[in-house]
Each structure stands twice: as structure tokens, then as C-alpha cells.
Amino acid sequence: MKQLIETIVKPLVDSPGDVRVDMDEHDNRVVYKLSVNPADMGKVIGKQGRVAKAIRTIVYSAAGNHHNKKVFIDIID
């Protein structure tokens, strides 16, 4: 799942080397923390959060079959 998130995000940003995905797994949920260069934050979020919502939709649909837990993506700086 981390690889999927990186594959989606890296072409969107100007600094693909700064893209990092960390995973926190708890009893009933998995949280992926996406970190990008602060200058690229707007590109990942998009206007009115449309890009972030699209990324989450793709990952959630792929993760539905992969995990038996709720999956969350946090975009952090």
C-alpha cells in the first residue's frame, strides 16, 4: 500500500525525493502518514481537496481487499 501511495503522489510533486509514507498499525485501523515537501503540499491536496480525495478513494478501494481494518491517510508536513 505504501508503494501505491508513492506511485500516485511522486508524479504530482516537484520534489519526489521528499515523498515519504509511514504506516501506523493499530488493532482495528491502519494509518498511512504521507509527508511531502511543504512547497508541494498544495499540489497533493488540490483545489478544495479534490486531489487528496481522489488519492484516498484509490487507496481505500485497493485496501479494502488487502486489510481487514479501516484505512486512513493523513497528509502531514
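A nonpolar core is a set of buried Ala, Val, Leu, Ile, Met, Phe, Trp, Tyr and Cys residues joined through side-chain atoms within 4.5 Å; buried means under 20% relative accessible area, exposed over 50%, and partly exposed in between, with a 1.4 Å probe and protein chains only. The structure before us is a predicted model, in which local features need pLDDT of at least 70 and side-chain atom pairs count only at pLDDT 80 or more, while totals for chains, interfaces and linings use all residues. Residues are numbered from 1 along each chain as its sequence is written, and side-chain values use heavy atoms, with hydrogens and water left out.

I begin with confidence. The chain has a mean pLDDT (the predictor's confidence in each residue, from 0 to 100) of 91, and 95% of its residues reach 70 or more.

I turn to the core. The largest one holds 16 residues, and those touching the most other members are Ile-5, Val-9, Tyr-32, Leu-34, Val-36 and Val-44. At least two residues come from each of α1 (2–9), β2 (29–35), α2, α3 and β3 (70–76); helices (H or I, at least four residues) and strands (E, at least two) are DSSP runs, numbered from the N terminus. Beyond its neighbours within four places in sequence, Val-9 is in contact (heavy atoms within 4.5 Å) with Val-19, Leu-34, Val-36, Val-44 and Ile-55.

Two further residues deserve mention. Tyr-60 lies in helix α3 and touches Val-71, Phe-72 and Ile-73, residues up to four places away in sequence not being counted. Tyr-60 counts as partly exposed because its relative accessibility is 34%. Gln-48, in the loop between α2 and α3, has a positive phi of about 55° although it is not a glycine.
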